[in-house]
Amino acid sequence: MNKNNTVDVLNTLIIINNDRIEGYETASKETEEMELKNLFSHFINTSHRCKAELVKQIQNIGGSPDEGTRITGKFFRVWMDVKVALTGNDRKAILGSCDYGEQVAQDTYETALKDNLEDISAAQQTMLIAQRMALKADHDNIKNLLNKLLGTA
């Protein structure tokens with residue numbers, strides 16, 4: 001197990017959670033619907049919990065936790081702002097943007113777990129699987145709302 005690789009893997013997940021936090025803060029500002037604001041607040045809390053666990057793991061091995069976001073995350077937030085502005089706070093557009101961001105988060109966790117097993121401990125793997133499941137539950141909420149809007153639920 002390479003400590004630097006472990007820190008890199010965990011920092012990648014911190015960054016995706018930072019992207020989620022900022023993305024949902026943006027989405028919350030763009031909607032006037034209390035149901036969505038409450039949902040997005042829950043999603044922000046999920047990412048804060050995940051981030052805190054990741055930061056603790058990095059600090060425990062003597063690493064330095066990342067504080068930023070990814071460029072793609074910034075593009076996602078800008079894209080969401082533009083799309084929402086163009087569609088006049090359309091619920092389907094907001095949820096569609098969130099669905100895309102959630103899939104990126106799921107893919108990032110999947111890659112971390114699949115491609116880096118030699119660099120993360122069994123306890124860290126268990127933590128990441130639990131986090132991925134929490135994020136998947138959030139993603140499922142978004143998909144369910146989208147399906148209701150589209151009449152495919």
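From the N terminus on, the elements of this protein run α-α-α-α-α. That comes to five helices and zero strands. Before I go further: this is a predicted model, and everything I say refers to that model.

Two overall figures to start. The protein has 153 residues, and 43% of them count as buried. Then the contacts: taking those with a sequence separation of 6 or more, 79% are between residues 24 or more positions apart.

Now the helix packing. Two packed helices are described by the angle between their axes and the distance between the axes. I will go through two pairs, and α4 is in both.

On the α1 side, the residues in contact are Val9, Thr12, Leu13, Ile16, Asn17, Arg20, Tyr24, Ala27 and Glu30. On the α4 side they are Ile94, Cys98, Glu102, Val104, Ala105, Thr108, Tyr109 and Ala112. By class, this contact has eleven nonpolar, three polar and three charged residues. Keep Arg20 and Glu102 in mind from that list; both come back in a moment.

The second pair is α2 with α4. Helix α2 covers residues 34–60 and helix α4 covers residues 91–115; their axes come within 13 Å and cross at roughly 15°. These two are therefore roughly parallel to each other. The crossing of α2 past α4 is left-handed. From α2, the contact uses Glu35, Leu36, Phe40, Cys50 and Leu54, and from α4, Arg91, Ile94, Leu95, Cys98 and Tyr109. Here the classes are eight nonpolar, no polar and two charged residues.

On to the charged side chains. How many salt bridges does the structure hold? There are six, and I will describe three of them individually.

Start with Arg20 and Asp138. They form a salt bridge in which the closest N and O atoms are 3.0 Å apart. Arg20 sits in helix α1, residues 3–30, and Asp138 in helix α5, residues 122–150, so this pair ties together parts that are 118 residues apart in sequence. Are these two residues buried or exposed? Arg20 is buried, and Asp138 is buried as well. The pair also belongs to a network of salt bridges that links Arg20, Glu102 and Asp138.

With Lys136, Asp140 forms a salt bridge whose closest N and O atoms are 3.1 Å apart. Because Asp140 and Lys136 are four residues apart in helix α5, about one helical turn separates them. With Lys143, the closest N and O atoms are 3.9 Å apart; the cut-off for a salt bridge is 4 Å. Lys143 and Asp140 are three residues apart in α5, again about one turn of the helix.

As for accessibility, Asp140 has 26% relative accessibility and so counts as partly exposed. Lys136, at 40%, is partly exposed, and Lys143 is partly exposed with a relative accessible area of 36%. By contrast, Arg20 and Asp138 are buried.

Terms used. Residues numbered from 1 in each chain as written. Predicted model: local features only at pLDDT ≥ 70, side-chain atom pairs only at ≥ 80, totals over all residues. Heavy atoms only, no water. Axes fitted to C-alpha atoms, helices over the stretch in contact; angles between N-to-C directions. Parallel < 35°, antiparallel > 145°, perpendicular 65-115°, else oblique. Left-handed = near helix turned anticlockwise from the far one by under 90°. Contact = heavy atoms within 4.5 Å. Nonpolar A, V, L, I, M, F, W, Y, C, P; charged D, E, K, R; others polar. Buried < 20%, exposed > 50% of the residue type's maximum accessible area, 1.4 Å probe, protein only.
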